[in-house]
Amino acid sequence: MTQTDIRSDLGLRPIINVSGTMTSLGASIVVPEAVAAVSAILPQFVEIGDLQKKASRVIARLCGTEAGFVTASCSAGITLAVAGAMTGCDLAAVERLPNTEDLKNEVLLMTGHMVSYGAPVEQGIRLAGAKVVPVGQATSAYGYQLNGAINERTAAAVYVVSHHTVQYGLIPLKEFVEICHARGVPVIVDAASEYDLTGFLAAGADIALYSSHKFLGGLTGGIVAGRTELVRATYMQNMGIGRGMKIGKEGILGTIAALEAWEKRDHAAVRERETRYLQLWEQTLSGRPGVTPIREADPTNNPLDRLKVAIEPKGAHITAWDLADALASGRTPIIVRDHEVEHGYFYLDPCNLHPGQETVVAERLVEELEKARQSNEIIATPLEGRRNRSSQAIMHWPD
Ligand SMILES: *Cc1c(COP(=O)(O)O)cnc(C)c1O
């Protein structure tokens, strides 16, 4: 932790992030290599096409593929890759988007992958002018359904790898790719927050998309990686709908630097540090009435464990969501991972902490749990209001 904190100058709360990599909290801690590269390039002019060629080589090497480039976000990558699959390298068609009248414009997406990462995946597809064709049902999809959805207007298929999606009953990537490729349909994988840079392309995906600002610790940006022909058609969208999704020199170089740092990072040491944090929190919480800490592996097999904190209100004298809210308030706000809190638990994610913050988290947990135990009544506010808080808050922004 630095001594001076720009957040206090700005009047912003000095939050500690144990929720993971969240756009709404500023994504991740940008690695020092990217910070240095960004300050070095900001005062200089560069030929962006050449900088993107350099990015292409670094992305190709790290992702074990042919080509790549950097765009504004992974979300932008979804829209541009779908656009590229529709237009190919036809610049006139690139300029006509989102008009797709004379193009193949159907994009397949399993219903179980129709999730929101803060915005709907399917909207990212529609933004290119494509029509989303759902495959299967919410919790099931079969090869015959995918095959049956392919026709002469099919431009691409999108496959989402994420903890957000339904985690069972859907078509595995390998089978998905086989079916699509047998019918000449390219597969675009949204792997925004997956650590595995090579596996999805190795499984046959034509394009894989990643966020620069998530596990890589780069600037806000999106990485497009894959087969040269489709990556080129995707890159061309910068002369069309991609203009509004533009990334600057700092974002491109920041991504290159973050990728190179990722290659050199001592991943075992990072894992060890995160494990120490989890052990500390586990020890802090075990034996406390109504609190059950359980270490859990990441649902999509990223090399990352989290601590699940299950709260039994009778014993703890507080609900999981009221504890999460109590932690998030006060002079040292701790933001936990609370997207399943209605089930009576939240998670502590160790991946975005500065050294020393793990102790603050432990202290705040003890403080709030002891305060709750001293309360005569169980602290239990209705969940309904809490769920709608963010959509209500935006109605009043900027007040
Ligand atoms: C975060 C995320 C995105 C969006 O990535 P951005 O780079 O923030 O636009 C898309 N898909 C999934 C699965 C994500 O987790």
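Where in the protein does Ala-192 lie? Ala-192 sits in the loop that runs between strand E6 (187-190) and helix H9 (199-202). Before we look around that spot, please keep in mind that this is a predicted model. The protein holds 17 helices and twelve strands. Its radius of gyration is 23 Å, close to the 21 Å that the globule rule gives for 399 residues, so the protein is as compact as a globular protein of that length.

**Overall build**
- The C-alpha trace spans about 70 × 50 × 45 Å along the principal axes of the protein.
- Of the 399 residues, 51% count as buried.
- Take the contacts between residues at least 6 apart in sequence: 72% of them join residues at least 24 apart.

**Surface and charge**
- You will find 37 positive and 45 negative side chains, with the centres of the two sets 2 Å apart.

**Domains**
- The domain assignment gives domain 1 as 7-24 + 266-394 and domain 2 as 31-264.
- Taken over C-alpha atoms, the centres of domain 1 and domain 2 are separated by 32 Å.
- Twelve residues from domain 1 and ten residues from domain 2 take part in the contact.

**Around Ala-192**
- Ala-192 has a relative accessible area of 11%, under the 20% cut-off, so it is buried.
- Leaving aside residues up to four places away in sequence, Ala-192 touches Cys-74, Leu-209, Tyr-210, Ser-211, Lys-214 and Phe-215.
- Val-161 is 31 residues from Ala-192 along the chain, and 7.9 Å separate their C-alpha atoms.

**Cis peptide bonds**
- Leu-97 and Pro-98 are joined by a cis peptide bond with omega near 5°; Pro-98 belongs to the loop between helix H5 (91-96) and strand E3 (106-110).
- The bond from Trp-397 to Pro-398 is also cis, with omega about 10°, and Pro-398 falls in the segment after helix H17 (389-396).

**Positive phi angles**
- Asn-301 is not a glycine, yet its phi is positive, at about 70°. This residue is in the loop between strand E9 (291-297) and strand E10 (305-311), and it counts as exposed at 69% relative accessibility.
- His-317 is not a glycine either, and has a positive phi of about 65°. The loop between helix H13 (313-316) and helix H14 (320-327) holds His-317, which is buried with a relative accessible area of 17%.

Notes: Residues are numbered from 1 along each chain as its sequence is written. This is a predicted model: local features need pLDDT of at least 70, side-chain atom pairs count only at pLDDT 80 or more; totals for chains, interfaces and linings use all residues. Side-chain values use heavy atoms; hydrogens and water are left out. Helices (H or I, at least four residues) and strands (E, at least two) are DSSP runs, numbered from the N terminus. The radius of gyration is taken over C-alpha atoms; the globule rule is 2.2 Å times the number of residues to the power 0.38. Buried means under 20% relative accessible area, exposed over 50%, partly exposed in between (1.4 Å probe, protein chains only). Contact means heavy atoms within 4.5 Å. Lys and Arg count as positive and Asp and Glu as negative; His and the chain ends are not counted. The place of a charge is taken as NZ of Lys, CZ of Arg, CG of Asp or CD of Glu. Domain bounds come from an automatic or database domain assignment.
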